[in-house]
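Student: I have a structure open and I'd like to learn how to read it. Could you walk me through it?

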Amino acid sequence: MATAPRRAPRLSYRAQKRLKRAALYLTALVVSVFVTVPVYLMVVIAIQSPAATFSGGRVNLVPAEVTLRNFRVLLETTSTVRYFANSLVVTASSTVLSTAIAVAAGYGLTRFEFRGKRLAARAVLFSYMFSPIVLAIPLYVIFFALGLLNSYFALTLALTAISAPFTIWLMWQYFQTVPIALEESAWVRGAGRWRTLRDVVLPVARPGYISAAIFAFAVAWNDFTMARVVMSRDEMYTITVGASLFLDRVTIGWGETMAVSLLIAVPPFLIALFLQQYLLQGFSVGGLE
Amino acid sequence: MSTSIHLEDLRKEFRTLGSTHVAVDGLTLDIPDGSFTTFVGPSGCGKTTTLRMLAGLETPTSGRILFGDRDVTDLPPQRRNAAMVFQSIALYPHMTVRENIGYGLKIRGVSKGERDARIEEAAETLQITEQLEKMPAELSGGQQQRVALGGAFVQDPDVLLLDEPMSDLDAKLKSELRVEIQRLHQELETTVVYVTHDQTEAMTMSDQVVLLREGELAQADPPRRLFDRPRSEYVARFIGTPSTNVLPCRVDRDGSTAALVGHGFRVPLPADALPAAVGDEVRIGIRPQFLSPDAGEHRFELTVEVVEPIGIESVVHGRTDDGTRVDVVAAGLDSLRPGDRIVVGFDREHAFVFGAGGESVLFGEELVDGRGRSIR
């Protein structure tokens, strides 16, 4: 009797597992190369003098010296400090405003029934689909009419308009995971609505609103469009717009360019470093793991 | 200070997109001061809604709620001096056990020293002293439930409301906590209202059991009376495990003797005992514990379908020849196999008679007291 045709030999379970692991490491390696190489280039060029970087007719990527020369040039010949300060001001205020709106809206959307609630929630998500430039022109017209151009206030509002739809959505999702029984338990024990909000709701929602704040921060800090449209006076430019302008100058070379890039990268890096655990918690609830 | 509770024609409707759902319908009830009253019933019967109205978390559509002679119908939850333990336990995850238990006292402005004293006293009673500085997430389910009870305990509430507090615990923990809750009730001298879908909890802990059916009161009585004198077929079937067997019968008259004739048995009726006419369909209810193999005044045959040994006794699930499901609980039945035929019988003093609408029309004693003569 002929035996049934043998199937092609299959990999053992162990071999499959090893293969999977190897593939995982390979992917991780490729991704980290793509992420780290540009950052490395930025840092190296920023801390070398242009002469050292380009000595011998090629680009030296292993630093032979460390100097702050590029940063000094930035400080002496450009308004980097002013731009940076502008960025910090509008980013901080927009982050606070966007997060506050998100917490209030998210709480309201999950805890109160009102007419048009569904519509409101959908409209919020829909408005997130617009690219900033679509909002920029109408906002320019509005701010112009109100005489608000070239003000921190206007830029704060504009940046919040970009980030708020997403932060609201995030907090709306987050509050759905906070059991209402926690609040009810506080009410029965005698706590009023505000007291409950302070003692129970906000502490429990902390990972959520920290995620929202990080997002709002990233939107505001990296913004170019809104600042370009709302601000037209040099002393009001944010670092992104300001840098893009002075990079065109003949006196500003690669070294200075990378130095300002490095400065721009510092705040997001610090935020990510200190708040990463909250970021992951908040996003995992929002289904964005 | 505990208080009595009075519900007057309480009604709660929920409106969702044009449709109205009546969760509680015309509930009138007295809960005595210091009593342990349990609301029981299948899910959706309105028991939790009633409890939430007592707490002030839902507003009644109509009717009144009184704590003693104080009308609390429109009072917010903060001003009722009630304590509530939730089904989901609802401990604050960002507070330690100590802070969780003491939160109610903190809101009332009790000083830190007195707060700690009362927290520690409660913790001792509930055997969670070791856990006071831990976070809720570090505790087991049973310990978490004790913490929730502790929070209610320290407040010295007028009314203690418990919403299925043990539904997520395993059987052993449940039986431990049952004792704990009863001890708490005695120590606190408070009025306890307890909601559960578990009739064992209801029967073992309560002074009064309130059985609800689709938002309406089915019966409110002490456990024993609920068991012995169910007002309806629904009550008889809900209370007791396994459920009361219900056998269809017809009222028949043979000369001067009226009788209930079922499939294979005939139960004589005392003269004029039943306000029903000859030919009316009624039902006899008999608890599985009162059916015994080859004994009893009235006997019928069963085909065995499933046998569940539970120690000394066994539960036999079977069917009569007309397809009625019948359960029997008795000793010495564990050798039966599916398909076996057995004869079981009952004494009519243990039977209930239900009318066509499901209401109880006669209880066993009334069948015996009469002048009926067994024909069998």
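This is a predicted model: local features need pLDDT of at least 70, side-chain atom pairs count only at pLDDT 80 or more; totals for chains, interfaces and linings use all residues.

Student: Okay, domains. Which domains does the assignment of chain A give?

Tutor: Domain bounds come from an automatic or database domain assignment. For chain A that gives domain 1 (14–57) and domain 2 (77–285). Their C-alpha centres lie 31 Å apart.

Student: How many residues of domain 1 of chain A are in contact with domain 2 of chain A?

Tutor: Two residues are in contact if their C-beta atoms, placed from the backbone, lie within 7 Å. Here eight residues of domain 1 of chain A meet seven residues of domain 2 of chain A. On the domain 1 side, helix 1 (13–47) and helix 2 (50–53) of chain A each supply at least two residues, and helix 1 of chain A gives the most, with four. Helices (H or I, at least four residues) and strands (E, at least two) are DSSP runs, numbered from the N terminus.

Student: And what is that side of domain 1 of chain A made of, by class?

Tutor: Ala, Val, Leu, Ile, Met, Phe, Trp, Tyr, Cys and Pro count as nonpolar, Asp, Glu, Lys and Arg as charged, and the others, Gly among them, as polar. That side has five nonpolar, three polar and no charged residues.

Student: Which domains are assigned in chain B?

Tutor: Chain B has domain 1 (5–231) and domain 2 (238–369), with C-alpha centres 38 Å apart. Eight residues from domain 1 of chain B and seven from domain 2 of chain B make the contact. Helix 6 (199–205) and helix 7 (223–228) of chain B are the elements giving two or more residues to the domain 1 side. That side counts five nonpolar, one polar and two charged residues.

Student: Now a helix pair. At what angle do helix 6 and helix 7 of chain A pack?

Tutor: Two packed helices are described by the angle between their axes and the distance between the axes. Axes are lines fitted to C-alpha atoms, for helices over the stretch in contact, and angles run from 0 to 180 degrees between N-to-C directions. Helix 6 (residues 132–146) and helix 7 (residues 152–176) of chain A pack at about 150°, with axes 11 Å apart. So these two helices of chain A are roughly antiparallel to each other (angles over 145 degrees count as that).

Student: Which residues make the contact between them?

Tutor: Helix 6 of chain A brings A:P132, A:L135, A:L139 and A:F143, and helix 7 of chain A brings A:A154, A:A158, A:A161 and A:I162. By class, that contact has eight nonpolar, no polar and no charged residues.

Student: On to sheets. In what order do the six strands of chain B run in their open sheet?

Tutor: Two strands pair if DSSP finds at least two bridges between them. The order is 13-12-11-14-20-21 in chain B, with antiparallel pairing. Strand 13 (266–269) and strand 21 (360–363) of chain B each have a single partner strand, so one side of each lacks a neighbour in the sheet. The twist averages 35° from one strand to the next. Within this sheet, strand 11 (residues 245–254) and strand 12 (residues 257–262) of chain B pair over six bridges, one being B:D252 with B:A259.

Student: Which strands of chain B form the five-stranded open sheet?

Tutor: They run 15-19-16-17-18, again antiparallel, and strand 15 (292–293) and strand 18 (325–331) of chain B are the edge strands. Strand 16 (residues 298–310) and strand 17 of chain B pair over seven bridges, and B:P309 stands opposite B:S314. These two strands form a hairpin with two residues between them, where B:G311 in the turn has a positive phi of about 90°. Strand 17 (residues 313–319) and strand 18 of chain B also pair over seven bridges; B:V316 faces B:V328 there. Their hairpin has five residues between the strands, and B:G323 takes a positive phi near 90°.

Student: Last one: how many residues does each chain give to the contact between the chains?

Tutor: Chain B gives 18 residues and chain A gives 15. Strand 6 (82–85) and helix 2 (97–107) of chain B are the elements giving two or more residues to the chain B side, which divides into 12 nonpolar, five polar and one charged.

Technical notes: Residues are numbered from 1 along each chain as its sequence is written. Chains are lettered from A and ligands numbered from 1 in the order in which they are written. Angles under 35 degrees count as roughly parallel, over 145 as roughly antiparallel, 65 to 115 as roughly perpendicular and the rest as oblique.
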